[in-house]
Structure formats: C-alpha cells, structure tokens
Amino acid sequence: MLRRSACLPLALGVVVAGLSCRSTGEHRADADREVYEILVQRRAALGAGDPFTIDPPERSLRQRILAGELAADGLPPLDLADCLEIAAENSREYQDRRETLYLAALDLTLERWDFSVQKSGSFGAFLSGDGNEARDTGVLSTLGISKLLGTGARILGDASIDLARDVSRGDGWEAVSNLSLSITQPLLRGFGERIVREPLTQSERDVVYAARAYERFRRTFTYDVASRYYRLRESYNRLDNERANNERTVVLRRRNEEFARAGRISDIEVDQARQNELSAQTRVVEAERSLEADLDDFKFFLGLPIEIPLRLDLADTTPLLAEEVLELEIAEDEAVAVALAGRLDHLTVLDRVADAERRLAIAADGLRAGLGLSLSAGAASDANDLGTYRRSNMDWQVGLDLDLPWNQLPERNAYRSALITLDATRRAADESGDGIRQNLRDARRTIEAARTSLEIETGAVALAERRVESAQLNLEAGRANTRDVTDAHEDLVQAENQLIRARTDYTLAGLALFRDMELIRVEGGGIEVDLEPLQRVRNGERP
C-alpha cells in the first residue's frame, strides 16, 4: 500500500504540470503587458504619450474599402489630419518600425529575467526491468531556484523527492528527499557589476535607441505626409488656375469674333485668340492628367487601393505652420545648439561611444586570468522520513578554479577589435555633429531663398494682374492687339502657378528646418512645433 509520504511527489507533479499549462494567448498577453509597460516609460521620457500597440486595427480603412463597405463615390474629402492617420494605419514601414521597437523591449524582458530569481520544476516516473520481468519503479520530482548576482556570483538551490520501489521483491515504497545548495563566484575575470550586468545595460540602452529611432521616424514620416499632401493641394490649385485661364481665353475669343464681324479687327487676331484658347485647353488637360497621377501616387503612399476615388478637403484653410512661426528668425548658432542637444538620432550616435567604451573595458577584462570560488553543500533525508537529515548524510565542498591567461588569441583579437570600434564610434559622433551643422546651414539657406521667392512671386502676380487689366483696357481703346492680351494672360497664369509653388516651398522649407532641429511633435494626429528648446537657448539655458 502506498504510504502517505508518497503522496507528496505526486501532488508536486500535479502542481508543476498545472503551472506549465498556460495557453498561448496568456503567454502573448503577458509579453504584451510587460513590453508595453517598458515602452510607456521610455516613450514618455521622449515626450510621447499617445497609445502604442503593434496590433493592426481590426477593420482598417483599406480593409473596409476592399470589402465594399464604402460608398461608390469613395472617401469623404480628406484634410491633413485624416491623411496622417491613414498613412500611419496603412504604412508597411510604420508597422515595421513599431515591431522593431516592440522586439527591442521584448529582448530587454529576457535580460531582466536572467537577473531575477529563476524557478524550475520537473516531475518524472520510470519503470525498469530485464526480460519479461519488471524490477524497479519510481517517481522523481524536483524544485529548483537560481539567482545571478551583480558580483557574478550564481546561487543554485534544489529540493527533490525520490520515490522508489523494488517491484521484483514486492517491497514497499521508499521515499527520500534531497537538498543542495551551490555558489560560484568569479574573483578575477568576470567579477563586478559593470562586467556582469553589461548585457542588461546594453539591452536597456537598445530600448532607448529603438524608442528614439521610432519617434524620429514618426516625425520625419509626418513631414513626408505633409509634404506630399501640400504638393497635391498645389496640383489642385494649379488646375484651378489653368481652368480660370481657359475661361479668360474663351471670353477673349468670343469678343474677337464679335469685333471681327463688326469689322473692328482682322481675322488674324481672331485666329490668335482661338489658338490661345486651344493652348489653354491643352494645358487644362495636362493639369488634369498630372493631378490624377499625383492622386494615384498619394493613394499608393497612403496604402489605399489605387482605384478608389480620393479628394482633398480644399475648404480646409488651416495653415500647416502659423505665420509667426514661419517668420521666426533663427540664428545659425541657435539652430545648431538646439539640434545637437535634441536630435534623437544624434543622441544615439553619442551614446554608442559610451557603449563602445564599456565593451572595451569588458574586452580588457577578458584578458585577465580566471579565478573562481565554488561552495556547495547537500543533504539527503532518512528513508521514508523526509524531514530528518543526519550529519552522516550531509556533504560539502569548497573549491578554487584557476584559469591561466594562456592561448588568448580570441580574447586578444576581441580587445583589438573593441579599440577599433571605439575609434570608429567617435568618428561617427563627429560626423553626425558635422552633418547636422551642414544640414541646418542648407535648411536656413533654403528657407531664406523660399521667403525671397515668395516675395518675388507675390509681386510678379500683382504685376501680371495689372498687365492683364492694362492690356484689356488698351484693347478696348484700340491701342493694343490680341497678342498683347494673350501674352498678358499667359504671364498671369504662369505667375499664379509659380506663386502657388513658392508658398508651398516656403511652408515646407520652414517645416523641414524645424524637423532638422527636432522641434516637430506629432500630437493628436496633427503636427505641432515645440519652440520651448529654442527659447531655452535664447535664455542661456540648456536646451
């Protein structure tokens, strides 16, 4: 008959088996909970407080379009906020960036786990014999814990219960418990928290770098969406200009036909007006074709089906950047100071120098001799008396293990490689700083040129409008011919188109400057410019 002591390993086995029976969904939810907690903290330090998830929306806009859930006339008119939301939802690169950030945090959870108290358990049973006869049977159960300390010491503890029976002799069950504890501590190579915790330190840094890269991508991606959106609005406005010009040529042609019938002008001027009208119609057709191509490109960029009709909300006159922000005069030294202190990609390059310095110290540690101290002790209980341990059943051991620093070619090469890597990261940091200075100088020149062009084109439109009015009056008075009017109309539409382009260039040049200074913030599906770091620089404070 099975003794009461035999119930313990069986119960232990049931518990161990029960703990291992978590569903895949529970494991996934547990990983998400731990990862998202890490990312909330890391992103909050960068000023990002919006929700983060790698799970795609259950019913994305693209899916609803493909499922035929939208009306045949397509989407409602889209403003910039709509386009930003759609692009973020459907962009494959955006999803790749989310997953990269998630995986960096997931790796960190593993490194943290390595320094936590780790528990293990096992349960097994066996039956052995020879020929056709069973001889022995038993049940083995073990619980263990291990812990890695910052000094490099590793503590291992085990508690096991073995239950065995000699079947061939018909003996009863015999239960024995065993306890063991071992400690290993490096004394030379591998000793110290700086060395031991380096994998955890680097993993923590990698999450920071991934969070920076993700936020930097969001800001540059937002600029890209805004740039495409405003270029598309430019195409709409250009088409409106061409249509308005075409209407003017129709009016002129009809007027000339009436004057020709009255004998006031020659047929040549009528043909000139007709030729100008045909040219204007051709330009309208070309502008329509260009707009349709731009719309298809934009739909492809947004991740929408190409065949779906798409319109912009042209009634939305909200400026991308406020006029006072665009007109803000920013000195070169101010722009550089803000960017060097705040550019997320540059900060990562600088921090990688510190990473290389730590790896060099670890490589140097690898050249030292290895000396380890080990302590172990164990005890076995009396048979069928699991709580009784006699001194005669206990043993212990103390040991030293010396590994002389011979045959260290791999360690030597690792050290030399670490030296070279450190020099390379320092050069990369210098290059990053120089690149930022160069980009900002170019960005400031671009915005100044765009501002000047806008002023010139504004004056050009005013002049072209006066020319059209003057030519029209002179034509009515007989002091000008049709060619003078058509040339004035042609110059007007070109000036209007160039003014539209100049306004877009100026706005996007300003946004690009703020992007390069790391002042763009993505908030609530829109774009904001945070001028606080610039103000701190002007106040003599650290950005």
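Okay, Phe298: at 2% relative accessibility, this residue counts as buried, where buried means under 20% relative accessible area, exposed over 50%, and partly exposed in between, with a 1.4 Å probe and protein chains only. Quick caveat before I go on: this is a predicted model, so local features need pLDDT of at least 70 and side-chain atom pairs count only at pLDDT 80 or more, while totals for chains, interfaces and linings use all residues. Residues are numbered from 1 along each chain as its sequence is written, and side-chain values use heavy atoms, with hydrogens and water left out.

So what does Phe298 pair with? There are ten aromatic pairs in the structure. Phe298 and Phe301 have ring centres 6.5 Å apart and planes at 20°, so this pair is stacked. The cut-offs: rings of Phe, Tyr and Trp (its six-membered ring) pair if their centres lie within 6.5 Å, with planes under 30 degrees apart called stacked, over 60 edge-to-face, and the rest tilted. Phe298 and Phe301 sit three residues apart in helix H8 (residues 267-302), so about one helical turn separates them. Helices here are DSSP runs (H or I, at least four residues), strands likewise (E, at least two), numbered from the N terminus. Phe301 is buried too, at 16%. Both belong to a cluster linked by ring pairs, whose other members include Tyr36, Phe52 and Tyr94.

Now, salt bridges. The structure has 46 of them, each a side-chain nitrogen of Lys or Arg within 4 Å of a carboxyl oxygen of Asp or Glu. Take Glu518 and Arg216, which meet at 3.2 Å, N to O. Glu518 lies in the loop between helix H13 (482-516) and strand S7 (520-523), and Arg216 in helix H7, so the pair ties together parts 302 residues apart in sequence. Glu518 is buried at 4%, and Arg216 is buried at 11%.

Next, Glu277 and Arg253 form a salt bridge at 2.8 Å, N to O. That one links helix H8 to helix H7, 24 residues apart, and both residues are buried.

And what does Arg255 bridge to? Glu476, with the closest N and O atoms 3.5 Å apart. Arg255 is in helix H7 and Glu476 in helix H12 (residues 409-477), so this pair ties parts 221 residues apart in sequence. Arg255 is buried at 10%, whereas Glu476 is partly exposed at 43%.

Last stop, Trp396, up in strand S6 (residues 385-403). At 67% relative accessibility, Trp396 counts as exposed.
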